Amino acid sequence: MANMTLNPPPLGAEVSLLSLVVVHMLCLYAYPSLPPEGYAKFMIGFDLENPDVTITAGYVIRLYGDNGKLLPISTVYGDIVSMLSEFARKYEESGIVRITL
């Protein structure tokens, strides 16, 4: 599990920024330890500023394809953007103070 505190807190509607932060965290904490073949997935948690709650956004995102090969980061990024776009509809005005993978 890895987390990153964001200051100043971006809004939930800032999908591009939040997606890049998640990809950055994956590159720092997940990808260096992943073998070329295997199975791994992750979820994204957010600590919100207002309301003061912690939530898990969306669904599980896979890092490996059905063939057991590591997915390209561009494919994973697309899944992150899709999931965060759904999240943004509900929490667009909430500040995100921390992201946890």
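Modeller: Y77 lies in helix α2. This is a predicted model, in which local features need pLDDT of at least 70, side-chain atom pairs count only at pLDDT 80 or more, and totals for chains, interfaces and linings use all residues. Residues are numbered from 1 along each chain as its sequence is written, and side-chain values use heavy atoms, with hydrogens and water left out.

Colleague: How are helices and strands defined here?

Modeller: Helices (H or I, at least four residues) and strands (E, at least two) are DSSP runs, numbered from the N terminus. Helix α2 covers residues 73-91.

Colleague: Is Y77 buried, exposed or partly exposed?

Modeller: Buried means under 20% relative accessible area, exposed over 50%, and partly exposed in between (1.4 Å probe, protein chains only). Y77 has a relative accessible area of 29%, so Y77 is partly exposed.

Colleague: Which residues of α2 are buried?

Modeller: An α-helix has 3.6 residues a turn, so residues three or four places apart point the same way. In α2 the buried residues are V76, I80, M83, L84, F87, A88 and Y91.

Colleague: What covers the buried residues of α2?

Modeller: Contact means heavy atoms within 4.5 Å. The cover includes helix α1 (15-30) and the strands β2 (41-48), β3 (54-62) and β4 (96-100).

Colleague: At what angle do α1 and α2 pack?

Modeller: Axes are lines fitted to C-alpha atoms, for helices over the stretch in contact, and angles run from 0 to 180 degrees between N-to-C directions. Here the angle is about 135°, and the axes are 9 Å apart. Angles under 35 degrees count as roughly parallel, over 145 as roughly antiparallel, 65 to 115 as roughly perpendicular and the rest as oblique. The two helices, α1 and α2, are therefore oblique to each other.

Colleague: Which residues of α1 and α2 meet?

Modeller: From α1 come V15, L18, S19, L20, V22, V23 and L26; from α2 come I73, V76, Y77, I80, V81, L84, S85 and A88. The residues of this contact divide into 13 nonpolar, two polar and no charged. Ala, Val, Leu, Ile, Met, Phe, Trp, Tyr, Cys and Pro count as nonpolar, Asp, Glu, Lys and Arg as charged, and the others, Gly among them, as polar.

Colleague: What do Y77 and S19 touch?

Modeller: Residues up to four places away in sequence are not counted. On that basis Y77 touches S19, L20 and V23, while S19 touches Y77, I80, V81 and L84. S19 is in helix α1 and counts as buried, at 0% relative accessibility.

Colleague: Where is T100, and what does T100 touch?

Modeller: T100 is in strand β4 and counts as buried at 18% relative accessibility. Leaving out residues up to four places away in sequence, T100 touches M1, A2, N3, M43, I44 and G45.

Colleague: Where is P36?

Modeller: P36 is in the loop between α1 and β2. At 63% relative accessibility, P36 counts as exposed. With residues up to four places away in sequence left out, P36 touches Y64, G68, K69 and L70.

Colleague: Which peptide bond is cis?

Modeller: The bond from N7 to P8 is cis, with omega near 5°. P8 belongs to the loop between β1 (3-5) and α1.

How values were computed. The expected span of a helix is 1.5 Å times one less than its number of residues.
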